Each structure stands twice: as C-alpha cells, then as structure tokens.
Amino acid sequence: MMNQIISDNIRILSHTKNKNMGTKIYRIGTYLPENKLTNEQLANDFGRWEPEKIESKLGIRERHIAGLEETAGDLAYHAAQNVLFDYDRQKIDMLILCTQSPDYFLPTTACILQDRLGLRTETGAFDFNLGCSGFIYGLAMAKSFINAGIASTVLLITAETYSKHLNSKDLANRTIFGDGAAAAIIESTANEQIFNFILGTDGKGSNNLIVPNGCLRSKYNPQAVEKVTESNDIYTENDLFMNGPEIFNFTIEAVPSVVEKCLEKNNLTLNQIDFVIFHQANKYMIEYLRKKIGIPKEKFYSNMLLTGNTVSSTIPIAYDDAIKNGLIQKGNKVLLCGFGVGYSWGATIVEV
Amino acid sequence: MKKKEFVIQLAEYCEFENNGLTLETQLKSVEGYDSLAVMSMIAFTDENFNVKLTAQQIKELSDFNSVIELIGVDKFEDD
C-alpha cells in the first residue's frame, strides 16, 4: 500500500516536472488569392486618386481579391496547408477559425476545414466572429486551451474575403481592403512565450463599421437603394459601410492606452520591446498612432504594400513576414495590437 | 497660432493645392479635399489642439473658419 502511494507520488511529480508550462507561436503560414487589384486599376476605374497618391498615403500598392468561387474557407484551407506542410497533423487537437465572411450561416466553416485538412475527429473546431482584433483574441483562446489542459496544439486560422462585402463603386474601401488568410500553430512549451493580454470592447461603435443587411436582423435586400458618401463612394445596405473619421477617432482614443496597459500588465517598458506590430489598417493611420505613442520607427513594422488591409490576418502576415525578412529574431519580444470593427481591441506580447 | 497661419499649415498637412486659400475658402471647393484629406485633418487637429473632429462635425464644415470655430476661436490669435 505504502509502495503504491510512493509510486503514485513519483508519477505525479514526474508528470508535473515534464509538463510544459507555457505556449508559443511555433510558426505561421499565409495565403493570398491569385487575383490582384492594383492602384492603376483603381485609378482607371474611378479616375479619382493617382496610384502614387494611394501608395504614399495609405501604404498600399496592390491587394489580392478572392475569385467568385473562392471563399474564406478556401483561403483558410490554403494557409493551413502552407503551415502544416511537414507538420504532424495528428498533433493538432483544436482548430479555431476567425472570420467575418464564413462560407455558410451553418455549418461552422472550421468543421468543414477539419475534414478538408485531414485533422483527427478528436479535434475541437469552431469559428469566432471578430475582425481586426481577431488574431489577438485567437491567441488568447489558444493559450487558454493549452494552459488549461483542454488542448495541446492549436491551429489558429484567420481568413477574410471582405472584398465580397464591398460595393464595386466604393473606391475608399476597395482601396483599403484585401483578401487573405494566415494559419498559426500554437504549441505548448517549457516557458511561456505568449504573455498577458489586454482585451476590450465598445459596442457603441458597432454602426461605424458594419454590413447592415444579409444576416437575420435585416436580410439581404435585392432592391436596396444606392447611397452616396461624403467622398462620393457608393454603397447599399447590403454592403460594408465604414465611417472612416469615426474609426480613426476610435483608434486615436483607444490604441495608445491599450499599448500602455499591455506593457504595464507584462511589467515591461517600450524600451524592452524589440518590435511592435499593429493591425495594418492603413499606413497613415498606424504611422500617426506610432508617433503619438512614441514608438521608434525602427521598432515598428508596416507591410501592407502588397496585401492591403486583410483584417484579422494583417498581424500574422506581418509577423511571419518580419521573421522571414530577419527583422524579428529568436528571443525578441514583439508587442502585437489589433483594433477595429466592433469596436473591439486586444494586445499582447509574444517572445519569438 | 494665427488664423492665416492655420490655413497654411492645415493646407500643407492635408496636401491641398494652395492656390490662394483664405479663411473663407469653402473646403469642398479645395482641390484634394477628399476622405484621405479628412484623415489628415483629424490628425492635425488632434496633434496640434487635442481636438477630435467627429464625422458629423466634418460633414457640416463649410470654410476654414468653420474648422477654427470647432477647435475653439480662443486658441487662435487674430491676424
């Protein structure tokens, strides 16, 4: 009896000793649709903004646009294949997909992806609906699942086809948004490499970035009338509407404080952060925020030139790009901050 | 800041064609006044006067004087 107790205790101790106590982003894969929309095409179609003006002000030269038959589920599938190419799929036991352009009302796009990707049926899978803050929330969930012992390896995918929400006569939004997806493998590891989070919401801003029709509060209306914005962009209630000035005001108000609180919560100062990656809303906006917060230019990554604003995928695409370019290296601490539609925001710090 | 100086600085910040802009120039008549310029105007008033211009206020703007009124006339010197 005594021997049994001692043996059990040794087993428990040994289990505790071997147990990984943290999480990390193992690696990220991305996918952009083949079709591209260039500034020249927009200039030809609308005759309003010179291609150079778009690039210098918004930091975007071209964006990728999903094909007619290509969905967020397809982009997510390709991004996942790109990250899983030599990875043991049997290890994945949770699949989380962030999207605001799901393939269906139901079933859940993540369930379809579990099958398409050949993941075990013992894999938990679900979608969540967030935009520009989505990757941060996804990391928070992945970390929680792993540290709670509910999952050991999480495949976190962000995939968006906002182009399908846009009116073809809406120059401002067609200039900003691009389609794309990213897939991150989150694993358990000895020391925590995904630090503490700041998450927040202000639903009062929900009408400032919205697709009013198409869901159940207000169904798609084939007779929806065209409206003209102050800047002569055309949209209907079936399309995405963005109140640009209010969204900018929201970010000016929220982001500096989110960054400060995130540093505080992690007992770190900006000096101890090697790199900062914001949601790549547009170059002008994030440059203004960078200056306002006082983030040194050399620590700030901006990479929307060839992708545009891919919503929840901007942060993982930028993060992956910065690693591949050697800008971010092993051991670096990177502050990630997402903000936008909802309003919703989130920030964390990861160690590469 | 003097009011006339404000017109010059705002025009430069927003990349307006400055061909004889005055306090009475209607913003909507200015070459280059579009949604990109509005973004710059919001940044300019936040950075220099700590004033946030709402979408509704921007919609109702007329001339450069109307921007000054929103910021607060007391923050400006007479020319």
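pLDDT is the predictor's confidence in each residue, on a scale from 0 to 100. I began there because this is a predicted model, and where pLDDT is low the predicted coordinates should not be read in detail.

**Entry: confidence.** For chain B I noted an average pLDDT of 90, with 99% of the residues scoring at least 70.

**Entry: extent of the interface.** I then looked up the contact between the two chains, to which chain B brings 20 residues and chain A brings 18 residues. The area buried between chain B and chain A came to about 1700 Å², and carbon and sulfur atoms give 60% of that area. On the chain B side, I saw that 35% of the area buried against chain A is supplied by B:Leu36, B:Met39 and B:Lys52, more than by any other three residues.

**Entry: polar and charged pairs.** Between chain B and chain A I recorded 11 residue pairs in polar contact, both residues being at pLDDT 80 or more, and the rule finds four salt bridges across this interface. In one salt bridge B:Lys52 pairs with A:Glu253, and I noted 3.9 Å between the closest N and O atoms, a value to be read against the 4 Å cut-off.

**Entry: elements on the chain B side.** Of the side of chain B that touches chain A, α2 (35–49) and α3 (55–59) each supply at least two residues, and α2 of chain B gives the most, with nine residues. By class, I sorted the residues of that side into nine nonpolar, four polar and seven charged.

Notes:
Residues are numbered from 1 along each chain as its sequence is written. Chains are lettered from A and ligands numbered from 1 in the order in which they are written. This is a predicted model: local features need pLDDT of at least 70, side-chain atom pairs count only at pLDDT 80 or more; totals for chains, interfaces and linings use all residues. Side-chain values use heavy atoms; hydrogens and water are left out. Contact means heavy atoms within 4.5 Å. Buried area is the accessible area (1.4 Å probe) that two parts lose on being put together, summed over both. A salt bridge is a side-chain nitrogen of Lys or Arg within 4 Å of a carboxyl oxygen of Asp or Glu. A polar contact is a pair of N or O atoms within 3.5 Å; within protein, one must be able to donate a hydrogen and the other to accept it, and residues adjacent in sequence count only if both atoms are side-chain atoms. Helices (H or I, at least four residues) and strands (E, at least two) are DSSP runs, numbered from the N terminus. Ala, Val, Leu, Ile, Met, Phe, Trp, Tyr, Cys and Pro count as nonpolar, Asp, Glu, Lys and Arg as charged, and the others, Gly among them, as polar.
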